[in-house]
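Hi,

Here is the structure I promised to pass on. Have a look through it first, and then read my notes below.

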Amino acid sequence: MTADGPISKGSLDVSAHRRDGEVLLEVHDLVKHFPVKRGLLFDREVDRIRAVDGVSFTVNRGETLGLVGESGSGKSTLCRAVLQLTRPTSGSVRFEGREIAGLSRRAMRPLRRQLQMIFQDPYASLNPRKRIGQIVGDPLRLQGVASGGELRRQVRELLDRVGLSPEHHDRFPHEFSGGQRQRIGIARALALRPKLILADEPVSALDVSIRAQIVNLLDDLQDELGLTYVFVAHDIGVVRHVADRIAVMHEGRIVEEGPADRVCEQPRDAYTKTLLAAVPIPDPREARARRQTVGSD
Amino acid sequence: MSEALLSVRDLRVGFVTEGGLLQAVDGISFDLAAGEVLAIVGESGSGKSVTAQTMLGLTRSTNARIEGWASYRGTELLEADDAAIRDIRGERIAMVFQDPMTSFNPVYRIGAQIGEAIRAHRRDVSKDEARERAVELLDAVGIPGAERRVDSYPHELSGGMRQRAMIAMALALDPEVLIADEPTTALDVTVQAQILRLLERLNRERGLATILITHDLGVVAETADRVLVMYAGRVVEQGTLDEIFYDPQHPYTWGLLGSLTRLDRERPERLPQIEGTPPSLLDLPPGCSFRPRCPHEFEKCSELPGLEARLPEAPGRRDRCWLDPADKRERRQ
Amino acid sequence: MARFVVRRLIGMVAVLFAVSAIVFLVFNVIPNSDPAQRMAGKAATPRLVASIEEEWGFDDPLPQQYLTMMKKVFSGELISYFGREDVDERIVEGIPATFSLCIGAAAIWLFFGLLFGYLSAMNAGGKLDRALTILAVAGLSMPVPFIAALFLNYLTYKTEIFPSGGYVELTADPLEWLEHLVVPWITLAILYVGFYSRVLRSNMLDAMDEDYVRTARAKGLSERRVIRRHVLRNSLVPIVTLFGLDVGVLLGGAIVIEGLFSLNGIGEYAYISLQNVDLPPIMAITLFGAFFIVVFNTLVDIAYAYLDPRVQLGESAR
């Protein structure tokens, strides 16, 4: 394999979308606690699970923020709290300058067109009883964007864009592989032409040889459509590839944030260092060298 | 040259399903020497797990069609009767599975389940003795506070500790061979590193021969001596660790290596990918099964390549690709 | 645990209140239920009706009638409209028959249900499994009165193997007690045998596919041990729940069976009272039944938490 790749993405700062500098999403001191209640007759709160414990970050239009965290770090809860799928305990979430934290479901409804999510499990996130044409078309129908023939046309276009063919329109999820289902999930997320897509572990459940396809697809779509991503994953290697900036999450807090390359090459926080050190290096000689210097368990 | 502990020749495992015969494994052969770590690499549908489970007779069922030959220290494994295979399970060859949460019975304590493994093979061991041994084992795999943990239920432990407990249970009777089926796939990366170090230590200190089954080449690079790459039920390439990583001979291996993200390198503009999807085992294309996804395919590929040594200087290297070795070196870049 | 039980007790009060209120309201709303009119009979004169109303308190406002009735239920002074019996006493008299029927049938259906379910699962797909499945489905689908009629016809009237009805105290004559209960037991059990055997079969087949069963085999355990300690242990837990709930309901009286076999239990009393639209017994029996249902529900929850360590009693942090 080549030793030196082409120009690294970090130096390509000049893409029209990214240069905007306009803040699309601003999260400030976001907190989500889950109370643990005990008591004989009446519930008294005895403890709290601090899933998200004061998280702040910004995402500029056109860029990709990578959020790295292991299980228990709170990253999934953070996603739900940002999208108002669960009510934050406190803190602020501003989308396009507008405060959305604590908004009622009704008030959030029109905003949902702009904020979409891609889920981790391609096997669980698609309703097995619906055909995929319907799954992808539902957002359009429910938000009153299109119906009938126009709806079908838009759905076909979406499927095509994610690399599926029109004949897939009438099939059911179980007829597709994991990678294809993830494409369907992406098509669904794109349906309403959102500004921001939150991808929660979009490739973790996929085979290795398919992961690259989906990562590249997301990349292409970002360039074509000017999308902004928050890419959440536990695999810092994948995140580094897609992200402009990386935020590392640990026990409900962000412990480090910065440009992707900087965070990976010159980590400042101890946890980030541990995380990076734990990523296996797919190079036997390097792996042996590293074992010798570090020593084994 | 150590002699083989475990030998497999031409193993074929098929399952009769409504859609026809699903050939999960189609002619795999390998040897495992004492103290060696053999990695079997492949994605879902490659047949790697079925191969591993067949070693312990776990795939036997009314709709399974198992052919070929496999033996452990002279004892035939595929046709062995139930009593014989039960003796080998746990005692000589032990297995660790992917998901420690579901692989433990949720209603019994960890210590009890480890004790059960011990007493199944050693009738004379009392419950107390078994419990003590369980504590020792939990300690040996690096679980802090083993005295307390031995009475925990599986759901009370973290993912990493559960997997360590699984490994402890596998080691209970001091087996010679450990088969680890995707032992770290369900774990976080920091925990994964710990488990791999543990497996490496066990291999080093106890001479525990290991078959490591994984889809992650990064994991392989850290632990394996030899590697088998499987695709759609067949071995497409085999060799030593360095040979596979530095001189891969099959386009699928190139694809796998290429799609890895490497932290120590500049990131490529675009992640190299393998086109298409793995084939359905019920409907394999004729000839080379990787052909539909291979950017280097040509006419000869309509004929299934045999798994053969194609490099005269390395007789242990075998692959299933018709391309000329010199050609391969060029195309690989 | 204490917290859980206390909450359930409070819940029980709420349930009993709700149930009794509903029964009371329904009774007062359905047509032709005016008890004073009906007690007066065919030769009713307005004066007679009025005097009955006064005597029984039917002219009081509804909430007051309700409270009075509730007081009487718990103090044992409740009298039925028709027959003027002491309701609570009559219920107590019916307990032996009802409990004998319920407990005996439960023992039978549990044993056979689990046996057939186990055999079916172990033979899954085979001839025995298919035969047992047919039996189970038949048992599930045949209406109870039909089964009862069949048995009554062939086992009692025609052949006189068993008596056709009535209940004999266990203490009076054990053999007679048994003879009188055999046919009702079987009739009641058939439905549940079918159901339980299917449930166990399904649970066992699911359990056998679980990862931990694969681990158990990989450890080298004998198949018998794998089935007993891993498959069965996990398959039976939901059955414990089911059983507790089913028994809880039946202790309140098996109306149809008791009626068909004239067993003089609470169920039969309920049947008669319903035909007469006689509120006091209906109220008392309903409360009696509700009480058992709540108690057994609670016991089942406790048992479940004991059998499955992952389950915590009461609420968990979400």
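Let's start with one pair of residues: B:Leu6 sits opposite B:Leu32, which belongs to strand 2 of chain B. Keep in mind that this is a predicted model. Strand 2 of chain B pairs with strand 1 (residues 4–17) of chain B in the antiparallel sense, over 11 bridges. Both belong to an open, antiparallel sheet of 4 strands in chain B, with the order 2-1-4-5. At its edges are strand 2 (20–33) and strand 5 (75–76) of chain B, each pairing on one side only.

Chain A has an open sheet too, with 6 strands in the order 6-7-8-3-9-10 and mixed pairing. Its edge strands are strand 6 (115–118) and strand 10 (253–259) of chain A, and the twist averages 15° from one strand to the next. Inside that sheet, strand 7 (residues 196–200) and strand 8 (residues 228–233) of chain A run parallel over 5 bridges, with A:Leu196 partnered by A:Thr228.

Some helices lie across this sheet. Helix 2 (residues 75–82) of chain A lies across strands 3, 7, 8 and 9 of chain A, at about 155° to strand 7.

Now, how do the chains meet? 41 residues of chain A are in contact with 44 residues of chain B. Helices 7, 8, 10 and 11 of chain A each supply at least two residues of chain A's side, and helix 7 gives the largest share, 8 residues. By class, that side has 18 nonpolar, 14 polar and 9 charged residues.

Cheers

Conventions. Residues are numbered from 1 along each chain as its sequence is written. Chains are lettered from A and ligands numbered from 1 in the order in which they are written. This is a predicted model: local features need pLDDT of at least 70, side-chain atom pairs count only at pLDDT 80 or more; totals for chains, interfaces and linings use all residues. Two residues are in contact if their C-beta atoms, placed from the backbone, lie within 7 Å. Ala, Val, Leu, Ile, Met, Phe, Trp, Tyr, Cys and Pro count as nonpolar, Asp, Glu, Lys and Arg as charged, and the others, Gly among them, as polar. Two strands pair if DSSP finds at least two bridges between them. Axes are lines fitted to C-alpha atoms, for helices over the stretch in contact, and angles run from 0 to 180 degrees between N-to-C directions.
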